[in-house]
Amino acid sequence: MLCLDLNTSPMKINRYIFLSITMFCGMYLATAQDLLEILDKELPDSPQYTQATFKANRITFGQSVETRKKGTLEIMLSTKYWNRAESSRRSFASDLFTARIGLEYAFTDRFTFGAGVTSFDGIINGLAKYRLVRQRDDTNKSPISITLFQSTSFLTRSYGKIVLPEDSSDRFNYVSKVIFARKFDRNFSLQLSPTYIHANSRQLNYETNDFFAMGFAGRYKLSNHVSLASEYHYVAGRDEGLQGYNSFGLGVNWEVSDLILQFSLTNAVSFDETGTILFGPENFNFQDGALHIGVSATYIFHLKKQKLRKD
């Protein structure tokens, strides 16, 4: 302890003050260093990935860039309702109805596998998604998300103008996509998806089995649990009309805990990727026969709890 008396010279007093300040600063820096080490242990330098670019694996009918956390199982029940074009054959409510039930499971945070079957067109399909790149919030080095998508579908019956091939090998169709997406802020996201389609059978007077398409999609968050979503698929080099129409969808997503409800308007009758993009029966409009009203419910089960990190 430093002691001063009345006879102490001013020079000695300044020296004592200087020593006291030096000791205080040293103790403060030592304490601050300890606190920084504690914070480094509690807050590891882990990447901060952008969450919820889109709320669901599907935007309205097409695939989004999203993959689920490891151990997540999604059960999807999707329905569409529409009227016949001929007024003489219409009933009081909806004339026609289709439903799809599907399961999708996330084996890892990046890889999801799923399958489903549809009632109206009888299509059975399987899909796989792999999140190649994840957008990050803590750096500009990863400004977008990229997901690879592959699906295979199998026709089991004729529907509309689509004829069931006699040879079972001709009933397969394949779709490959590279999905690019960016979440610009907490409300707004955009997506582009270059698409390659190979159909083993030639339907609707097509002269080729291979097609290229581009998908455009967007999402705008209206509130904490409600968002507006839309998508459009353009098929290159085809005679739109006789060979089907480009598909368009406009929908509202409503998130209620682990349940996601989707309400949509679209001209796509199918839930399968090939049928949706390539075999659209009508252009999008509000006339009977062209307007399909979709209602879908997705319930999410978390089969594996995420473990907290311990240092």
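**View 1. The lining of the second largest cavity has one nonpolar, five polar and four charged residues by class.** The classes count Ala, Val, Leu, Ile, Met, Phe, Trp, Tyr, Cys and Pro as nonpolar, Asp, Glu, Lys and Arg as charged, and the others, Gly among them, as polar. This is a predicted model, in which local features need pLDDT of at least 70 and side-chain atom pairs count only at pLDDT 80 or more, while totals for chains, interfaces and linings use all residues. Residues are numbered from 1 along each chain as its sequence is written, and side-chain values use heavy atoms, with hydrogens and water left out. About 50 Å³ of space lies in this second largest cavity, and its lining includes Lys55, Arg219, His225 and Glu255. A cavity is a set of points, on a 1 Å grid over the protein atoms alone, where a 1.4 Å probe fits but cannot get out, and lining residues have an atom within 4 Å of a point; grid points are joined across faces, edges and corners, and a volume is the space filled by probe spheres set on the points.

**View 2. The largest cavity holds about 180 Å³ of space.** Among its 19 lining residues, Arg58, Thr60, Ser78, Gln262 and Ser296 lie nearest its centre. S1 gives the largest share of this lining, five residues, where strands (E, at least two residues) are DSSP runs numbered from the N terminus.

**View 3. Strands S1 (residues 72-82) and S2 (residues 96-106) run antiparallel and are joined by 10 bridges.** Two strands pair if DSSP finds at least two bridges between them. Tyr81 stands opposite Phe97 in S2.

Terms used
Helix = DSSP H or I, 4+ residues; strand = E, 2+ residues; numbered from the N terminus. 1 Å grid on protein atoms, 1.4 Å probe; cavity = no way out; pocket = protein on both sides within 12 Å on 5 of 7 lines; lining within 4 Å.
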